Amino acid sequence: MDIYKRIGIVCRHIPVGKVATYGQIALRLSGACYFETYDMQKLLLEGDGIEVLPIKRQRAD
């Protein structure tokens with residue numbers, strides 16, 4: 001399934017009259033929101049020998 005279809009599925013679950021940030025949608029797409037803590041997905045991946053690279057955060061003014 002391509003990324004646009006996945007984004008559409010996530011966005012269709014946003015209730016009418018409500019909004020979601022790009023960050024909230026990205027969390028749903030990545031699956032990170034389903035873990036107990038913010039870094040648990042990273043820790044589990046590293047435990048399986050998978051390198052997790054840091055994300056450079058940028059602010060919009």
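How do the residues of the lining of the largest pocket divide into nonpolar, polar and charged? They divide into ten nonpolar, three polar and three charged. The legends below take up this pocket and other parts of the structure.

Figure 1. Local features need pLDDT of at least 70, side-chain atom pairs count only at pLDDT 80 or more, and totals for chains, interfaces and linings use all residues. Residues are numbered from 1 along each chain as its sequence is written, and side-chain values use heavy atoms, without hydrogens and water. From the N terminus, the elements run α-α-α. Helices (DSSP runs of H or I, at least four residues) and strands (E, at least two) are numbered from the N terminus. The radius of gyration is 14 Å, well over the 10 Å that the globule rule gives for 61 residues, so the chain is more spread out than a compact globule. That radius is taken over C-alpha atoms; the rule is 2.2 Å times the number of residues to the power 0.38. Along its principal axes, the C-alpha trace spans about 40 × 30 × 25 Å.

**Figure 2. Confidence is given by pLDDT, the predictor's confidence in each residue, from 0 to 100.** The chain has a mean of 87. Of its residues, 95% reach 70 or more. Helix α1 (residues 3–12) has the highest confidence, at 93. Helix α2 (residues 22–30) has the lowest, at a mean of 88. Where pLDDT is low, the predicted coordinates should not be read in detail.

**Figure 3. The largest pocket has a volume of about 610 Å³.** Of the 16 residues that line this pocket, Leu27, Ala32, Tyr38, Ile55 and Arg57 are the closest to its centre. A pocket is an open set of points on a 1 Å grid over the protein atoms alone, where a 1.4 Å probe fits, with protein on both sides within 12 Å along at least five of seven lines; lining residues have an atom within 4 Å of a point. Helix α2 supplies the largest share of the lining, five residues. Both α2 and α3 (40–47) supply at least two residues each. In the classes used here, Ala, Val, Leu, Ile, Met, Phe, Trp, Tyr, Cys and Pro count as nonpolar, Asp, Glu, Lys and Arg as charged, and the others, Gly among them, as polar.

**Figure 4. The second largest pocket has a volume of about 180 Å³.** Its lining includes Val10, His13, Ile14 and Pro15. Leu27, Arg28 and Cys33 are also among the lining residues. Helix α2 gives the most, with four residues. By class, the lining has seven nonpolar, two polar and one charged residues.

**Figure 5. Tyr34 sits in the loop between α2 and α3.** Tyr34 counts as exposed, at 59% relative accessibility. Exposed means over 50% relative accessible area, buried under 20%, and partly exposed in between (1.4 Å probe, protein chains only). Of the chain's 61 residues, 10% count as buried. Tyr34 and Tyr4 are 30 residues apart in sequence. Their C-alpha atoms are 21 Å apart in space.

**Figure 6. Ile9 lies in helix α1, and Thr21 in the loop between α1 and α2.** Ile9 is partly exposed, at 35% relative accessibility. Thr21 is partly exposed too, with a relative accessible area of 44%. The C-alpha atoms of Ile9 and Gly47 are separated by 30 Å. Thr21 and Tyr34 are 17 Å apart, C-alpha to C-alpha.

Terms used:
Grid points are joined across faces, edges and corners, and a volume is the space filled by probe spheres set on the points.
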